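Open the model in your viewer and keep the selection tool handy. We will walk from stop to stop, picking residues and seeing what is there.

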Amino acid sequence: MKDMIRKATIEDISRIAEILVFVKRMNYRSIFNDDSVSFGEIQVLSVAKEYSDPEFLNDIWVYEADGIVKGLIRIVDREIVELYVEHFFQGQGIGAELIEFAKKEHDANCLWVLEKNTSAIRFYQAHGFNVTDTKQLEEGTPEYKVRMER
């Protein structure tokens, strides 16, 4: 099967939830140091319910290869709201394809990233986004996120 980026469907919800939960735990646990969130609030079932809302689902595209959803991107207007690649498939160019899709097909020009998520900042910089002076607290946490623009 050919690799493709396609609109997410309701059939993708459980896979989307798996990716989001696992990658968020891997990437954010060391930043937030809050296991009650990482392993309490962030659960596959609750994330699946939230993302099955047509309002969320309408803004999500998935990267599928070999019949497996390996990554996703959520784009609202021209903002990249989320970009996640399954941990086991990172480093294979999937994130790069998703961000280039967002830039080319949706003229995506901005996003927010946690200030301490330096690997994500480097990734976005490699794809033409620059850190701005605009930052704000991540809701309910003491951590800041920074706005990046291209």
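This is a predicted model: local features need pLDDT of at least 70, side-chain atom pairs count only at pLDDT 80 or more; totals for chains, interfaces and linings use all residues.

Start by selecting Leu137, which you will find in strand 6; strands (E, at least two residues) and helices (H or I, at least four residues) are DSSP runs, numbered from the N terminus. Leu137 is partly exposed, with a relative accessible area of 45%. Here, buried means under 20% relative accessible area, exposed over 50%, and partly exposed in between, with a 1.4 Å probe and protein chains only.

Residues are numbered from 1 along each chain as its sequence is written, and side-chain values use heavy atoms, with hydrogens and water left out.

**Stop 1: charged pairs**

Side chains of opposite charge can pair when their charged atoms come close. How many salt bridges does a search of the whole structure find? There are 14, a salt bridge being a side-chain nitrogen of Lys or Arg within 4 Å of a carboxyl oxygen of Asp or Glu.

Select Glu115 and Lys135, whose side chains meet in a salt bridge (3.2 Å, N to O). This pair links distant parts of the chain, 20 residues apart: Glu115 is in the loop between strand 5 (110-114) and helix 6 (118-126), and Lys135 is in strand 6 (residues 130-137). Glu115 is partly exposed at 34% relative accessible area, and Lys135 is partly exposed at 43%.

Next, show Glu143 and Lys116, a salt bridge in which the closest N and O atoms are 3.2 Å apart. Distant parts of the chain are linked here too: Glu143 is in the loop between strand 6 and strand 7 (144-149), Lys116 in the loop between strand 5 and helix 6, and the two are 27 residues apart. Is Glu143 buried or exposed? Glu143 is buried, with a relative accessible area of 11%, whereas Lys116 counts as exposed at 52%.

Then pick Lys145 and Glu138, which form a salt bridge with their closest N and O atoms 3.5 Å apart. Lys145 is buried at 18% relative accessible area, while Glu138 is partly exposed at 26%. To finish this stop, select Arg6, Asp12 and Glu64, which are linked in a network of salt bridges.

**Stop 2: charges over rings**

The charged end of Lys135 sits over the ring of Tyr144, 4.8 Å from its centre. "Over" has a cut-off: NZ of Lys or CZ of Arg is within 6 Å of the ring centre and within 35 degrees of the ring normal. For another example, select Lys70 and Phe89: the charged end of Lys70 sits over the ring of Phe89, 4.4 Å from its centre.

**Stop 3: rings beside rings**

A pair of aromatic rings is described by the distance of the centres and the angle of the planes. The structure holds five aromatic pairs. Rings of Phe, Tyr and Trp (its six-membered ring) pair if their centres lie within 6.5 Å; planes under 30 degrees apart count as stacked, over 60 as edge-to-face and the rest as tilted.

Select Tyr51 and Phe56: their ring centres are 4.9 Å apart and their planes are at 50 degrees, so the pair is tilted. Now try Phe123 and Tyr124, with centres 5.3 Å apart and planes at 70 degrees, so this pair is edge-to-face. Phe123 counts as partly exposed at 26% relative accessibility, whereas Tyr124 is buried at 9%.

**Stop 4**

Which residues of helix 3 (residues 44-51) are buried? They are Val47, Ala48 and Tyr51. Look down the axis of helix 3: its buried residues fall within an arc of 100 degrees, so they line one face of the helix. That arc is taken from the directions from the helix axis to the C-beta atoms. Finally, colour Leu45 and Lys49, the exposed residues carried on the face of helix 3 turned away from its buried side.
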